[in-house]
Amino acid sequence: MCLRPEEWINDGVLNAHVYYLQEKGSGNWYFPTYMAEQVQNTRDGQLFELAVKLRRENTNRFTVGLKKCEKMFIPVFDRIGSHWYLIVVLPSDKKVEIWDSLPGPKYNAGRYQQAERIMKVLDHIYNEEIVNYFEKGWQFAKFNIVRTDKARRQVNGCDYGVFVMNWLQDIECRSHGSNKFQHASERVRIALSLLKNPRNRRLKEVRESARRVVDEQLDKLVEQKDPFIPHHPIARKPITRSQAK
């Protein structure tokens, strides 16, 4: 329902998107929304304890080690601004990019601070790998945090979740024209991509339900004496049942 036009996209839809994007053996790591949310809700003195918990939860999420990680994608919800944005970590470049469709002086400083706190937690989570496989002094907390100028700007107050989902799927925006970020049809595309994903455990159930609806409508057409499709918008042509289906 939150993918309807002008609705705010919630964390459930974003996490489904993240779950489907994560592939075994991939160097791209997609974190669920609760990672940043828990960092937000934790005091500085308790970040280490949080990292221990997150380390256990992420043990089976990523199947390649930190050394082979190319990008980390961390969706973040700014509760003050009621706004989704995306943090992209580039370990090889020692850089953190903030992808924000609606930056503003009132919120920018807080979003930088949130990125800094997330980097501290990552240092705690992957401390063992950092010590064993990286040069001395290598830390996420030392990464350069920048606001990318490649992020498109939204023109309304409701599409920030759509922007984040598109960036998660295609960070370089190669397949997304301007209409991909500003049009209600993009929400339909996202909904269908989630629905038809092979990892959707309810896909078979939905397809069977759709077939029943189609068959019911076709049966009604067959029962009618008029062989034409009712209310056809262009031309009233006789069609067979297989054509209609």
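## Helix α3 against helix α4

In this predicted model, Leu47, Phe48, Ala51, Leu54 and Arg55 of helix α3 are in contact with Arg117, Val121, His124 and Ile125 of helix α4. Sorted by class, the residues of this contact comprise six nonpolar, one polar and two charged.

Helix α3 covers residues 47-57 and helix α4 residues 105-125, and the two pack with their axes 8 Å apart at an angle of about 60 degrees. Because of that angle, α3 counts as oblique to α4. The crossing in which α3 passes α4 is right-handed.

## Helix α2 against helix α4

On the α2 side the contact is made by Met35, Ala36, Val39 and Gln40, while α4 contributes Gln114, Arg117, Ile118, Val121, Leu122 and Ile125. The contact of α2 with α4 holds seven nonpolar residues, two polar and one charged. Arg117, Val121 and Ile125 of α4 are listed in the contact with α3 and also in the contact with α2.

## The sheet and the helices on it

An open sheet is built from five strands in the order β1-β2-β3-β4-β5, with mixed pairing. Its edge strands, each of which pairs on one side only, are β1 (28-30) and β5 (144-147). From one strand to the next, the twist averages 25 degrees. Strand β1 runs parallel to strand β2 (residues 71-78), the pair being joined over three bridges, and within this pairing Trp29 has Met72 in β2 as its bridge partner.

Helix α4 packs on this sheet, where it touches β2, β3 (83-90), β4 and β5, and its direction makes about 45 degrees with that of β3. Helix α6 (residues 160-169), for its part, lies across β1, β2, β3 and β4 and runs at about 20 degrees to β3.

## Confidence in the model

The mean pLDDT of the chain is 86, and 87% of the residues reach 70 or more. Among the elements of the chain, strand β4 (residues 95-99) has the highest mean pLDDT, 97, whereas helix α7 (residues 179-182) has the lowest, 55. Over residues 231-236 the pLDDT is below 50, and this stretch has five contacts in the model beyond near neighbours in sequence. Where pLDDT is low, the predicted coordinates should not be read in detail.

Technical notes. Residues are numbered from 1 along each chain as its sequence is written. This is a predicted model: local features need pLDDT of at least 70, side-chain atom pairs count only at pLDDT 80 or more; totals for chains, interfaces and linings use all residues. Side-chain values use heavy atoms; hydrogens and water are left out. pLDDT is the predictor's confidence in each residue, from 0 to 100. Helices (H or I, at least four residues) and strands (E, at least two) are DSSP runs, numbered from the N terminus. Contact means heavy atoms within 4.5 Å. Axes are lines fitted to C-alpha atoms, for helices over the stretch in contact, and angles run from 0 to 180 degrees between N-to-C directions. Angles under 35 degrees count as roughly parallel, over 145 as roughly antiparallel, 65 to 115 as roughly perpendicular and the rest as oblique. A crossing is left-handed if the near helix is turned anticlockwise from the far one by less than a right angle, and right-handed if clockwise. Ala, Val, Leu, Ile, Met, Phe, Trp, Tyr, Cys and Pro count as nonpolar, Asp, Glu, Lys and Arg as charged, and the others, Gly among them, as polar. Two strands pair if DSSP finds at least two bridges between them.
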